[in-house]
Amino acid sequence: MRRVLRKYLKPMVMKSEIRLIFILTLIIILISTALLSINIIGTTYEFSIGDIAEDDIRVPGDIKYRIDSETEMEKQRVSQIVPLVFDRDQSVFIERIKIVETLFNYVSTTLYESPPIGRDDRTYQLIALKSKLPKHMMYSDRVLWELLKHENPKGLRRIINRIMIYIFDGGILREPYDNPLKINNKNISIRTINTSEDTNEISMTIDDLKTIQEIKSKLYKICYSIAPNLTREQLRVVYRIVRKNLKPNLKFNTEESRRRIDEKIRSIKPIYGILKKGQTLVRDGDVVTTEILTKIEVLNKHTASTNISYIAGTLLLQLIIVLIFGYFLMGFYHRLIQNAKSPIIIFSLVLFFILYTFFISRIENIHDSNMIFTLYLPIPFVTMIVSILCNIYVSMIAGVYMVFFIFIIGGASFPIVALAFSSAVLGVFIIGDFKRRTDFLKGGLLLGFINSLVIVALGLIEESSFYPNIVNNVGLSFANGIINSIIVLGIFPIYENLFGVTTKFKLLELSDLNAPIFKDMLIRAPGTYNHSLLVANMAEAACDAIGANSLLAKVGGYYHDIGKIEDAEIYIENMVGNGPPKDLTPSKYSKLIISHVQKGIALAEKEGLPDSIIQFIGEHHGESTMTFFYHQALEEAQNSSNLPEIDKAEFQYYGPKPHSREAAVLMLADSVEAASRSLKDPTEIKLEGLVKKIIYNRLNEGELEYSDLTMSELNKIQMAIIKVLHGIFHTRIGYPEVREIKRIEKRVLKRINEG
């Protein structure tokens, strides 16, 4: 029944711990969101133009606001400069050119079929030409007469084509442009349509456009300007042909013009104004003007809205961060949360930090400088404490969250984020090699030095003056590092004792073998003392091999068998005689030996040992069976005539099974060391076989199921333990006896004397 309860008790405890973590995290998020939102909530004011202000009104923080009037003016300005689009239909020009070409082809055909007789008489040809021309190409006899008698019809056609190109390229409107979009804009862009060629748009102005009537009224002058060498009659012919072939080819494209204007307007970013933190909008006794009232209304709007989107975004971002790290935490829960009180420790430290940061951020002189503001924050203090009391992974998570909080409350400033991130990361890793309390001062100096380099780099980026800005900040950086380290040195022992957390420094204190309990063990149970030392060394080596907490395993090895100090003589390693007492049955003897676990736990509690060490005492045998006594009991029962009932549970340890990698390693080391002493003539092959057998048996019995050890780690543990055993059982040189030495000595002296 006890084993069944233990099987389900641990998951229930884990669920309660996760529930506690969830509740504490939610509290932190709500408090953080509330503090970040306070900065955007303030007082509103009611004024009218001409009122007298009774107090100074200052801006509590930077407020960025849209200036709609200026934005509309900018849109209006843009709409007046975006070129309006006119489409020039190239097919109209091609059609007209073909008509002119056809006319001259008829003229050439007529002259070819009916050659003229004489120089001036073209009557016959005129009649023939008119009979061929279609109705829409019919001209006056005077025009046709001039075409028939012209010496160079092709040249005349080229002149007409040139004039038509000039006119049609400029575009011909059917009617004057009447500004359908009602926009005061004279810029236009003419694009060519119905053409197979790629053409560029032509930029012009509205004033450059001509209607067909305007072109007709100026056509004669246009013809003369292009062909001034023609005679009056020839010029009139050209004029008539061109005039007859004029046709509008230019049209205003309303839809495309509106689309381009709208697209350009949409690309315009709203124009913002900014009210700077500390800016005075109106002083006591001043008259409220239109400009002042506008700014006060901006302040009121910003204040009254409480910026719901800002609060929602901040809350959502925190939930995302927690979700990401929560997923990571669930996957490695046993390795990250090694103490049930760790969530409370982290909660108290992070809560202290966000409250402290909030109040510091409201001090104007400090918050004016980004770097000074960051250096006044206890970022390394929190990450160092969490690293010491928990581990670097949880400390890194806390550091990332603190950087996020600083990022928001500091106004998303790059120097703040860079320096905060540097401080958080340094606080996580800087205490890694601390073994003495004096190392805290060295760590503080290193923290200040590296942060100083960050400050110099940021100063170069922002082009700050070296003196006094950078120099002062470097000095503050060193002060920040030293003060944070000193505070950690003074505070973490309080947390250590208050929450019962076993830190590296506590383990170093517990590893002192001059402690009274070890002196007592050495005197009363010397075999157990030596056994504990060997087990501790094996566990330390194995934990080093898999990256577990080797110092914790080593100290756990020292204390795991302290329950054997009482009644030390009944344990095989402390016996001087021929074996265990003969008057004890296997069942009673096994119960007596099993009791050393409960005795050890009781003694550990009496000595005030931390729970993490007591865990090793309770779990180092797990629920394993004392096979020697169980086998002995079975043999006695087999040989007995009564065949008494044998309960295997009487020969099993109460457990629980190891719930950490370190406790599992200690179990294996304890079993191996005890078994290795029974080997006769131990060799490397025998030792390796013994270790493999014990690890396989513990794995097969299910003793390692809660330890999170992988097969790869078990292989590393095996190699590490074998290496230590080789060191213990290495082959020594056989020293000769004194009698043999004296015998050989006499022979050597005799030979010397004879010689």
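Which backbone oxygen does the side chain of Asn185 reach at 3.3 Å? Select Asn185 in this predicted model: its side chain reaches the backbone oxygen of Ser79. Next, show Gln80, whose backbone oxygen lies 3.5 Å from a polar atom of the Asn185 side chain. A polar contact is a pair of N or O atoms within 3.5 Å; within protein, one must be able to donate a hydrogen and the other to accept it, and residues adjacent in sequence count only if both atoms are side-chain atoms. Asn185 lies in the loop between α6 (153-170) and β4 (187-193). Asn185 is buried at 3% relative accessible area (buried means under 20%, exposed over 50%, partly exposed in between, with a 1.4 Å probe and protein chains only).

Now select Phe22, Ile23, Leu26, Ile27, Leu30, Leu315 and Leu319, which make a nonpolar surface patch of about 600 Å². Two or more residues each come from α1 (2-38) and α12 (308-331), and α1 gives the largest share, five residues. Phe22, in helix α1, is exposed at 57%. Patch residues have over 30% relative accessible area and no salt bridge, with nonpolar side chains joined within 5 Å and like charges within 9 Å. A salt bridge puts a side-chain nitrogen of Lys or Arg within 4 Å of a carboxyl oxygen of Asp or Glu.

Last, select Arg232, Arg236, Arg240 and Arg243, a surface patch of positive charge. Arg232 is in helix α9 (residues 232-244) and is exposed, at 66%.

Residues are numbered from 1 along each chain as its sequence is written, and side-chain values use heavy atoms, without hydrogens and water. Local features need pLDDT of at least 70, and side-chain atom pairs count only at pLDDT 80 or more, while totals for chains, interfaces and linings use all residues.

Terms used:
Accessible areas come from the Shrake-Rupley method with a 1.4 Å probe; for residues, only the protein chains shown count as cover. Lys and Arg count as positive and Asp and Glu as negative; His and the chain ends are not counted. The place of a charge is taken as NZ of Lys, CZ of Arg, CG of Asp or CD of Glu. Helices (H or I, at least four residues) and strands (E, at least two) are DSSP runs, numbered from the N terminus.
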